[in-house]
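This report concerns a predicted model. The sequence and structure are shown first.

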Amino acid sequence: MDGLTKMTKIEIVISGRDAPPIRELITSAGATGYTSVSGVSGLGHHGPHSGALLFNESDTLTMLITVLPPEKASALISAVRTLLEDGPGVMFVADTYVSRPEYFG
Amino acid sequence: MSLEVRAAVARATRAVIPIWPLSSFIAVNPLGGRESEDFSVAAVMRPLSAFRADYSAGRITDVELAAVLMDRVPELDDAGRVTFDGQDWTAVDLLVADLVHGQQADPAPALPPAADRVDELVAKWVAAYLDPHPAWPMPSRELGLWAAWGAMARHDPQLPAKARRQLATLPASADEGLANALTKLGLNDGAAAKILKIEARRMPGWVGYIKWRAAQVGDIDLTSYLAVCLTLRWALGLPLPEPTTESKTELAAKPQTDLATDATRAATLAALLSPQPAASAALASIARILALHPPQDHAATWQSAYEEHYRRRLLASLPTTSKRVSDPKVQVVMCIDPRSEGMRRHLEVDAQIETLGFAGFFGVPIRFASYLARGSVDALPALLSPRHAVTETATDTVRAKLRTNALRVRDAFSAGVHASETAPPAPFALAETVGWFSGLATLVRTLSPSLAGAIDAAQLRTTPSLETEVTVATAFTLEERAAMAETGIRMMGLDRCAPLVILSGHGSTSANNLYQSALDCGACGGNPGAANARAGAAIFNDPDVRELLKKRGLPIPATTYFVAAEHNTVSDHIEILDPHLIPESHAAAVREFTAAQNTAADLLVFERAGLLPGASEQPLARLRARADDWAEVYPELGLVRNAALIVGPRELTRGVDLERRVFMHSYRPECDPDGTALETIMTAPLVVAQWINHQYYFSTVDKHLWGAGTKTIHNAIGSIGVLAGQTGDLKIGLPLQSVAVGDLDLHEAMRLTVVIEAPLERVWEIISRNLVLRQLFDNHWVMLTARNDPNSDWQRYSTSGWISDPLAVEPDTVEPLSLKPHDVESTEGDK
């Protein structure tokens, strides 16, 4: 990983109607941005999920992806864990490497 | 800490359903956050005494109770029989007798939490913050609720001096403020989470509205709200909030049946059924059977039987043989709203008129601004976010300028009067100068609503008319427009086109009605549907769109023209929109339709008068003048008595009087080869219909907790919502006058019965891959009956598979559901 900078990548899959507070946590944690993919499909703890629906954005799954420095990540991870504690939704955390660290705070 | 606090707030308020403002009222299921639980656990039902009264009146029968019990208590199959006093009783007979004659009392009614000092103070400050008085806005409002409140609270004379001193030094941010309050109250993480949840449930109206506003406007959030609540609780030295009725229900274990209770029930039942004392062995057998259906399950069984009665009657009323109109001269596409059913039925008296049902936004989700208007409305379902802004362009710029000038003069006059009403000394001068004219206008509107309406109409006529086109072609790409048209065709099964196709949205008019938008189109975001109908017609008439549709195998004949219209649900007139765009070739057909529609409108107004309080003897003109009568609390009855959604071709229902109770979405499987259209219907119109149905359900079952109570004591908070009286929580749900007259319920509190004619395998797959549908159907928030095609038997959906439903087609032997007009008249004085 020569020349790349280590960062933490956090991916959260959650229902569309529950996504706004997660977005707020991400921005409050100091992340400079995130990617939001609505209408993701798959199979999870609560069974299968179809992909995008034509006239319903609230009841599909959304995947939120953010990358931020490890020192900022721990607070966000802890907060998302609190939020997901007794509700649907999953979080994946992984190390990642970026070429332009200034983009990610 | 800040992030942890925000996460704790988000977690505590996850189940809170956002509440839309009155200006764009959206019906919601107030318990929508609990759809992951079974309906019988999460929801409330009518009292047992009400169900027993329905039983006595024949509205629920033994047959339906037995059918529901067999469904809900599978152990009954092997429960055996009991003989006593020479009579043989099956297990299900005993359980029916226990329901009907048993001594089970109603549980204590759910009560809203008693308002305490904190609620009063918070409601006052939140109202001041969200609805600033034009002359005296809340200082520092631009800093947000927490900072603005913090700056003012230390001077609040309603607080004791000690509390004001404690509030003098508060943390700067709401996050820190909430963390500080939790610490001062001595709450650790676990206790804090519980208290946040309880506090958020104390005023569900304000909390639900703030959740909506945080997402849509962003000038307030629930962290600030809870920070204010708990900081006040600490400063005033008040005890921590008690769980509300709902949270007590959650926290307490469900009562368990025990042998003693069952034995007592058995003895009571045996005594009721026979004057001879039952043998102990018989009593033990009865007790064993009664234990299969404990008292806490009775309300759910009654509720299901109440719905089963309607469902069977509905299915039995559908024609067994169907014939499609062979060569329609007009097709009228109307919203799925139950009020359309009456209009469709009366229009179809003309055998050459075919009607279809489609979500009233016609598949065109837009943010719409009228010509040169300052604001805009989100004319789309609440399930979507606005992405496309549409407005109007004038086709005659000279007339447009004349109209704009006239409206500006009128606006300037109105603004001047309004400013004079609100500026501190001006109202006195205003009363002296124009007060006489206002008094006269008030007198006219009070004594003669019809004349007031005529004056309003004349005023409109003197304003130069405006001929415009909607800018749908610039808001959407050609590909997007063609995709919307294709979606519409496939969803409503428009496999042929008459020469004239009318897309009719709907809206309502009423005077002095804070809940007017609740009578408008839910699919258009609580707005009238004219803009969406115009956009839809423009798309279908677009030659480029038609060219693309032709390439996709969906040709629209060149002789077909789409006309936009709007159904006024008070007058029942259908107004033709954009008449200047109608080609001469279709003008005669439009005139002919309008004549037929006028007849249908008169018939429908008279039909609706049968249920409208105080209306049965009123002449046609007076019935329509309700829209202009500012003392009229029942201009129309909206979607009252809504009970079912039918998805299928019109042949399935044509010719049947569905009593304006059924949402109807047209659908033909042959137009939907991959099932996408059905999936869209089931995940959008069905979901919205369910919201509306549950709003009516809960507003009826508890008119004060989940409904808004009587209109007569409502005070508006701007366009946000209403209070009952002068302070307290924002009211949620529908007012009493939307669901009842005095003590008589106009609405029948039933869960939505969904009926679909489509391949069962397809329906099953769609439910299986959509969590929202699995929760609704598997947890019994909605009931589903379906059949493959007209030649197949009806099947009921269950989590274990389709269940053959022979009861559904038995001939109806019960009294009609309709309320008799005299029942309504007798309680009119209560309004």
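**Chain A**

In this predicted model, chain A contains two helices and six strands. Along the sequence these elements follow the order β-α-β-β-β-β-α-β. The C-alpha trace of chain A spans about 45 × 25 × 20 Å along its principal axes. The radius of gyration of chain A is 14 Å, and this agrees with a compact globule, because a compact globule of 105 residues would have a value near 13 Å.

Of the 105 residues in chain A, 35% are buried. Among the contacts in chain A with a separation of 6 or more, 78% are between residues 24 or more positions apart.

**Helices α23 and α25 of chain B**

Helix α23 of chain B and helix α25 of chain B pack with their axes 9 Å apart, at an angle of about 60°. The crossing of α23(B) past α25(B) is right-handed. The residues that meet in this pair are listed by helix.

| Helix | Residue range | Residues in the contact |
|---|---|---|
| α23(B) | residues 478-492 | Leu478(B), Arg481(B), Ala482(B), Ala485(B), Glu486(B) |
| α25(B) | residues 543-551 | Asp544(B), Val545(B), Leu548(B), Leu549(B) |

By residue class, the contact of α23(B) with α25(B) comprises six nonpolar and three charged residues, with no polar ones.

Conventions
Residues numbered from 1 in each chain as written. Chains lettered and ligands numbered in written order. Predicted model: local features only at pLDDT ≥ 70, side-chain atom pairs only at ≥ 80, totals over all residues. Axes fitted to C-alpha atoms, helices over the stretch in contact; angles between N-to-C directions. Helix = DSSP H or I, 4+ residues; strand = E, 2+ residues; numbered from the N terminus. Left-handed = near helix turned anticlockwise from the far one by under 90°. Contact = placed C-beta atoms within 7 Å. Nonpolar A, V, L, I, M, F, W, Y, C, P; charged D, E, K, R; others polar. Rg over C-alpha atoms; globule rule 2.2 N^0.38 Å. Buried ≥ 20, exposed ≤ 12 C-beta atoms within 10 Å, placed from the backbone.
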